[in-house]
Amino acid sequence: MIYNMDCIQGAQQYLANDSVDLIITDPPYNLGFGGTNMTKIKRPRFDIIANDKLSPQEYQRFTLQWLFQAYRVLKPGRHIYVCIDWRMYPDMVRWMRRIGFVVKNCIVWNKEQMGMGYQYRFQHEFIIFAVKPDKKVRRIPKRSATDVWSVPRIQGNKTVHPTEKPAKLMDEMILNSSLEGELVADFFLGSGPVALATKQHGRELIGFEIDPKYFTLTTDRLAEMER
Ligand SMILES: C[S@@+](CC[C@H](N)C(=O)[O-])C[C@H]1O[C@@H](n2cnc3c(N)ncnc32)[C@H](O)[C@@H]1O
């Protein structure tokens, strides 16, 4: 089930306490990003994503509010993965801890190909891996799993969202941290990679996306999978 609405209101409206088995989400990083301007037209191909250009105070308030909802709805002992980049990593980790999550590791996504930047071009992002504490914490079943993941990024001119992640990046998180039929939540669907991977692996999904354009895109992609 996915909803075209604000995730904070959506969680309040549709999600009970301790009801979600896994959260995977890619929030706005507050970098005012609408995609690279290194295009033929010399400007970004997309508008700046919603809630990506807030004052530092507004961004902190917004982030603490959705993290509070994420903590409330996640079952004790279960996992949350939050995508972030190196610039916002210290704040996000601090805020996640303040809410109550126990941060376990920082996964490095190696995008395999370089992206933007000119002084060491960007080729990685972080995924914060944390748990809602409980006496019994669900463990990652694969003992051989490491914290560096190489998954090719989607080439700039093929993207349909300014911060699009490949659905393949979600595979490890879904397979390692949930079982078939369990409920996965994504508070910031974007173009829908978590939704697609969740469906592919036979998990249930609840997700929110505030921008009607990206909500429709995700809906269409999910429908396409059924054809
Ligand atoms: C970083 S992007 C996610 C991109 C996604 N991982 C993808 O691969 O397409 C964050 C998304 O959250 C959406 N968003 C921003 N504020 C929101 C809110 N309060 N509730 C729900 N969605 C929101 C934005 O419109 C944007 O599509």
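Biologist: Which residue has a side-chain N or O atom 2.8 Å from an oxygen atom of the ligand?

Modeller: First, the ground rules. This is a predicted model, where local features need pLDDT of at least 70, side-chain atom pairs count only at pLDDT 80 or more, and totals for chains, interfaces and linings use all residues. Residues are numbered from 1 along each chain as its sequence is written, and side-chain values use heavy atoms, with hydrogens and water left out. A polar contact is a pair of N or O atoms within 3.5 Å. Here the residue is H161, with its side-chain atom 2.8 Å from a ligand oxygen. The side chain of E209 has an N or O atom 2.6 Å from an oxygen of the ligand. C7 uses a backbone N or O atom, 2.9 Å from a ligand nitrogen.

Biologist: How much of the ligand's accessible area does the protein cover?

Modeller: Accessible areas come from the Shrake-Rupley method with a 1.4 Å probe. On its own, the ligand has 600 Å² of accessible area, and the protein covers 99% of that.

Biologist: How many residues surround the ligand?

Modeller: A residue is near if one of its heavy atoms lies within 4 Å. The count is 24, with D6, D26, K165, S191 and E209 the closest. By class, 13 are nonpolar, five polar and six charged. Gly counts as polar in this scheme.

Biologist: How do I read empty space?

Modeller: Rolling a probe the size of a water molecule over the atoms shows where empty space is left. On a 1 Å grid over the protein atoms alone, a cavity is a set of points where a 1.4 Å probe fits but cannot get out; lining residues have an atom within 4 Å of a point. The structure holds one cavity of 30 Å³ or more. The largest cavity has about 330 Å³ of space. Its lining has 29 residues, with D26, H161, F188, G190 and E209 closest to the centre.

Biologist: What takes up the space of the largest cavity?

Modeller: The ligand does.

Conventions
Polar contact = N/O pair within 3.5 Å; in protein donor to acceptor, adjacent residues only side chain to side chain. 1 Å grid on protein atoms, 1.4 Å probe; cavity = no way out; pocket = protein on both sides within 12 Å on 5 of 7 lines; lining within 4 Å. Sits in = over half its atoms within 2 Å of the grid points. Points joined across faces, edges and corners; volume = space filled by probe spheres on them.
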